[in-house]
Amino acid sequence: MRPGAVAALVSTSLLLLGAAPADGTAPAPLPARMADTGGGTQLITAVAPDTGSTTGTVTWWDHVGGRDGRWVAAGSAPARFGSGGLTDGPARVQGTGTTPTGLYDLPYAFGTEPAPPGTAYRYRPVHEDSWWCQDNASRSYNRWTEPLPADCRATEAEHLVTYPAQYAHALVVGFNYESPVRGRGAGIFLHVEGRGATAGCVSVPKEAMRRILRWAEPGEAPHIAIGTSHGATAVTRY
């Protein structure tokens with residue numbers, strides 16, 4: 001973990017998932033209240049008020065102090081979610097504009113712009129022939145391809161270079177990635193925000209995305225937990 005990665009103060013927005021205990025003490029940090037954090041010492045949480053929301057908060061956390069240590073917020077930023085709100089990841093249907101809730105790994109980063117100085121993550125530059133295949137009939141479903149393979153229709157793929165602002169910097173979210181299920185969805189990223197809600201990704205302001213990439217350490221096994229503040233898709237359930 002690089003020096004200076006951990007912020008000392010946690011804003012009120014970081015306590016969004018629970019009121020203070022009756023004795024007046026502050027609630028435990030959000031990761032400490034989750035069912036699973038991925039087993040690493042870094043975590044990103046993306047939380048919306050409810051499944052119908054298209055806005056919320058992204059926070060990135062470090063676990064400090066060893067086995068008996070604690071989670072400390074390293075940063076926070078406003079977030080945007082899918083135009084269709086959020087839905088439980090395993091039940092998601094492709095094309096619904098929903099952001100899948102759940103706990104996911106972050107396989108690698110990419111961007112139309114160079115990686116921010118200090119980025120340790122594997123970072124793939126976007127080229128003119130860089131595509132993300134979303135064609136359910138293709139062997140390359142939910143994969144980066146260069147060039148577009150013959151069995152992946154361009155109308156069912158995302159030409160990454162055509163989104164220079166949103167994909168200036170991004171992290172691949174491991175939703176439906178390791179063993180893709182056709183029809184569940186493809187191309188879910190944490191990326192730079194555009195003008196409004198996403199097509200199912202999570203987006204944050206550009207400077208926040210640059211800070212996250214400088215903060216993330218592959219050796220710390222960072223994951224992202226996406227969920228709501230309460231209910232069946234509460235982030236604490238993942």
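Trp132 is buried, with a relative accessible area of 1%; buried here means under 20% relative accessible area, exposed over 50% and partly exposed in between, with a 1.4 Å probe and protein chains only. Phe189 is also buried, at 0%. The model is predicted, so local features need pLDDT of at least 70 and side-chain atom pairs count only at pLDDT 80 or more, while totals for chains, interfaces and linings use all residues. Residues are numbered from 1 along each chain as its sequence is written, and side-chain values use heavy atoms, with hydrogens and water left out.

**Aromatic pairs**

The structure holds nine aromatic pairs. Rings of Phe, Tyr and Trp (its six-membered ring) pair if their centres lie within 6.5 Å; planes under 30 degrees apart count as stacked, over 60 as edge-to-face and the rest as tilted. Strands (E, at least two residues) and helices (H or I, at least four) are DSSP runs, numbered from the N terminus.

The rings of Tyr163 and Tyr167 have centres 5.6 Å apart and planes at 55°, so this pair is tilted. Tyr163 is partly exposed, with a relative accessible area of 33%, whereas Tyr167 is buried at 4%. Ring pairs join Tyr108, Phe110, Trp132, Trp144, Tyr163, Tyr167, Tyr177 and Phe189 into a cluster.

**Charges over rings**

Strand β2 (residues 55–64) pairs with strand β3 (residues 70–80) in the antiparallel sense over 10 bridges; two strands pair if DSSP finds at least two bridges between them. Thr55 has Arg80 in β3 as its bridge partner. Five residues separate the two strands of this hairpin, and Gly65 in the turn has a positive phi of about 90°.

**Thr37**

Thr37 lies in the segment before β1 (42–48) and counts as buried at 14% relative accessibility. Leaving aside residues up to four places away in sequence, Thr37 touches Pro31, Leu43, Trp71, Leu103 and His223, where contact means heavy atoms within 4.5 Å.
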